[in-house]
Amino acid sequence: MVEQRAIRVLIAKPGLDGHDRGAKVIARALRDAGMEVIYTGLRQTPEMIAEAALQEDVNVVGLSILSGAHMALVPRIREVMNANGLSDVALIVGGIIPDADKAELQTLGVQGIFGPGTNTEDIAAFIRDLVAAKPA
């Protein structure tokens with residue numbers, strides 16, 4: 001029997017948003033759920049996020065955005081990820097995301113959007129299902 005590797009998740013704080021408590025809570029919860037979590041820290045550029053995702057060979061990139069800059073940051077991050085051969089890496093977003101922006105983010109390739117107060121077990125289950133549904 002071949003042992004499956006743990007799901008690898010990169011948690012990143014793009015842009016100038018300096019509030020990372022939520023990102024740290026999610027990182028810890030996913031780690032406690034058995035995932036390997038890489039937290040990049042504050043003020044990451046799209047290029048830094050894509051490079052870390054590539055180097056760490058992650059299954060999922062999770063962005064924590066509270067600044068309101070999601071409509072500028074997410075398209076650029078997806079663009080840089082795709083340019084670096086990471087089009088198959090899932091992208092999820094957490095933070096303050098107005099309902100009016102959710103459909104457009106999904107058309108940009110965001111596969112999950114989680115607001116404040118989302119149960120961390122629900123996020124872990126979503127990620128497990130997302131990775132399991134990916135073709136081998």
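Mentor: Let's start with a term: a nonpolar core is a set of buried Ala, Val, Leu, Ile, Met, Phe, Trp, Tyr and Cys residues joined through side-chain atoms within 4.5 Å. Buried means under 20% relative accessible area, exposed over 50%, and partly exposed in between, with a 1.4 Å probe and protein chains only. Keep in mind that this is a predicted model, where local features need pLDDT of at least 70 and side-chain atom pairs count only at pLDDT 80 or more, while totals for chains, interfaces and linings use all residues. Residues are numbered from 1 along each chain as its sequence is written, and side-chain values use heavy atoms, with hydrogens and water left out.

Trainee: Which residues have the most contacts inside the largest nonpolar core?
Mentor: They are L10, V61, L63, V74 and M81, in a core of 23 residues. Helices (H or I, at least four residues) and strands (E, at least two) are DSSP runs numbered from the N terminus, and β1, α2 (46-56), β3, α3 and β4 each supply at least two residues of this core. The most comes from α3, with 5 residues.

Trainee: What does V61 touch, leaving out residues up to four places away in sequence?
Mentor: V61 touches L10, I49, A53, M81, V89, A90, L91 and I92, where contact means heavy atoms within 4.5 Å. In soluble globular proteins, nonpolar side chains tend to be buried together.

Trainee: Why is the R8 and E36 pair called a salt bridge?
Mentor: The rule asks for a side-chain nitrogen of Lys or Arg within 4 Å of a carboxyl oxygen of Asp or Glu. R8 and E36 come to 2.3 Å, N to O, so the pair qualifies. R8 lies in strand β1 (residues 8-12) and E36 in strand β2 (residues 36-39), so the bridge ties together parts that are 28 residues apart in sequence. By this rule the model has 10 salt bridges.

Trainee: What makes D20 and K24 another salt bridge?
Mentor: Their N to O distance is 3.3 Å, so they meet the cut-off. D20 is buried at 16% relative accessible area, whereas K24 is partly exposed at 42%.

Trainee: How far apart in helix α3 are E79 and R76?
Mentor: They are 3 residues apart in α3 (residues 70-83), so about one helical turn separates them. E79 is partly exposed at 47%, and R76 is partly exposed at 33%.

Trainee: What is the class make-up of the lining of the largest pocket?
Mentor: That lining has 12 nonpolar, 9 polar and no charged residues. Ala, Val, Leu, Ile, Met, Phe, Trp, Tyr, Cys and Pro count as nonpolar, Asp, Glu, Lys and Arg as charged, and the others, Gly among them, as polar. The largest share of the lining, 5 residues, comes from α1.
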